[in-house]
Amino acid sequence: MSTTTRPTTNVASEPRLVLAPVRAGRAVLDGGWWPRSWDAVAELPDLVLALSARYGRIRQLMLNSAAWTGHFKRLPVGDGVVRAGWFASVDPAVLIATTYHGDQIDLLVVPPSTATGPAERAMARAADPANRTRAHAILIAAPASENPVETAPRAVRTSDEHPVWDNDGGADRAGRRPW
């Protein structure tokens, strides 16, 4: 069992988080989050506490394995423990949280080095209940001069035999289908 403790040198801070005012059934995302770094141990506890206050206790997180450092299986947060799954197939621009009630919360993850204006606009768009745009498309929609995708880590293929699949119909990133 791998449990990670939060370093005592980090100063607790409010997560830069914008959530939809209500959960809309047709919305793709429930909000946007702009972490200060790609260090999972430093960034995730405050996010989990904020999500727990809004949606109920968080049981599990799913994140992109290539984007984040500080991988762990279990993370103590408050008076509980959150499990984490690290997957190459999860979009680096998405974080998926699951509550103990079984609700899934999908958040846009804005790259930490993104400028304030584009980051705030991306989070606001992700939190719009009428939004049906996927996370990566929100990030690339910014004008070229302020495009946050330029600083986002890129998912990598693990081998030619096993391409990284997206979560949209089973096609790989080049649009090829296995059938």
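**Figure 1. Strand β3 and its two partners in the sheet.** Strands β3 and β6 run antiparallel and are joined by four bridges. In this predicted model, Leu 61 has Ala 97 of β6 as its bridge partner. Strand β5, residues 80–87, is joined to β3 by five bridges, and these two strands run parallel. Here Gln 60 is bridged to Arg 83 of β5.

**Figure 2. The open sheet as a whole.** Seven strands make up the sheet, in the order β1-β2-β7-β6-β3-β5-β4, and the pairing is mixed. Each of β1 and β4 has a single partner strand and stands at an edge, so one side of each lacks a neighbour in the sheet. On average, neighbouring strands are turned by 25° against each other, direction ignored. The protein contains three helices besides its seven strands. Read from the N terminus, the elements follow the pattern β-β-α-β-β-β-β-β-α-α.

Figure 3. Strand β6 covers residues 94–99, and six of its six residues are buried, so the strand is largely enclosed by the rest of the structure. In a regular strand, side chains alternate between the two faces of the sheet. In β6, Val 94, Ile 96 and Thr 98 point one way, while Leu 95, Ala 97 and Thr 99 point the other way. Both sets are buried. Five bridges join β6 to β7, and the two strands run antiparallel. One of the residues facing this partner strand in the pairing is Thr 98, whose bridge partner in β7 is Gln 104.

Figure 4. Helix α2, residues 116–126, lies across β1, β2 and β7. The helix runs at about 150° to β2. Strand β7 spans residues 104–109.

**Figure 5. Asp 30 and its surroundings.** Asp 30 is located in the loop between β1, residues 17–19, and β2. Its relative accessibility is 7%, so Asp 30 counts as buried. Leaving aside residues up to four places away in sequence, Asp 30 touches Val 18, Leu 19, Ala 20 and Arg 23, among others. Its contacts also include Tyr 55, Gln 104, Ile 105, Asp 106, Leu 107 and Ala 126.

Figure 6. The structure holds three aromatic pairs. In one of them, the rings of Trp 33 and Trp 68 have centres 5.7 Å apart and planes at 10°, which makes the pair stacked because planes under 30 degrees apart count as such. Trp 33 belongs to strand β2, residues 31–33, and Trp 68 to the loop between β3 (58–64) and β4 (74–77), so the pair ties together parts that are 35 residues apart in sequence. Both Trp 33 and Trp 68 are buried. The rings of Trp 38 and Trp 68 have centres 5.0 Å apart and planes at 75°, so this pair is edge-to-face. Trp 38 lies in the loop between β2 and α1 (40–55), 30 residues from Trp 68, and the pair links distant parts of the chain. Trp 38 has a relative accessibility of 17% and therefore counts as buried. The relative accessible area of Trp 68 is 3%. Together, Trp 33, Trp 38 and Trp 68 form one aromatic cluster.

**Figure 7. Arg 16 over Trp 34.** The charged end of Arg 16 sits over the ring of Trp 34. The distance to the ring centre is 3.6 Å.

**Figure 8. Confidence and contacts along the chain.** The average pLDDT of the protein is 80, and 72% of the residues score at least 70. Over residues 1–12, pLDDT stays under 50, and the model has 20 contacts beyond four places in sequence for this stretch. Over residues 150–170, pLDDT also stays under 50, and the model has 37 such contacts. Where pLDDT is low, the predicted coordinates should not be read in detail. Of the 179 residues in the protein, 44% are buried. Among contacts between residues at least 6 apart in sequence, 62% join residues at least 24 apart.

Methods:
Residues are numbered from 1 along each chain as its sequence is written. Side-chain values use heavy atoms; hydrogens and water are left out. Rings of Phe, Tyr and Trp (its six-membered ring) pair if their centres lie within 6.5 Å; planes under 30 degrees apart count as stacked, over 60 as edge-to-face and the rest as tilted. Buried means under 20% relative accessible area, exposed over 50%, partly exposed in between (1.4 Å probe, protein chains only). A charge sits over a ring if NZ of Lys or CZ of Arg is within 6 Å of the ring centre and within 35 degrees of the ring normal. pLDDT is the predictor's confidence in each residue, from 0 to 100. Contact means heavy atoms within 4.5 Å. Two strands pair if DSSP finds at least two bridges between them. Axes are lines fitted to C-alpha atoms, for helices over the stretch in contact, and angles run from 0 to 180 degrees between N-to-C directions.
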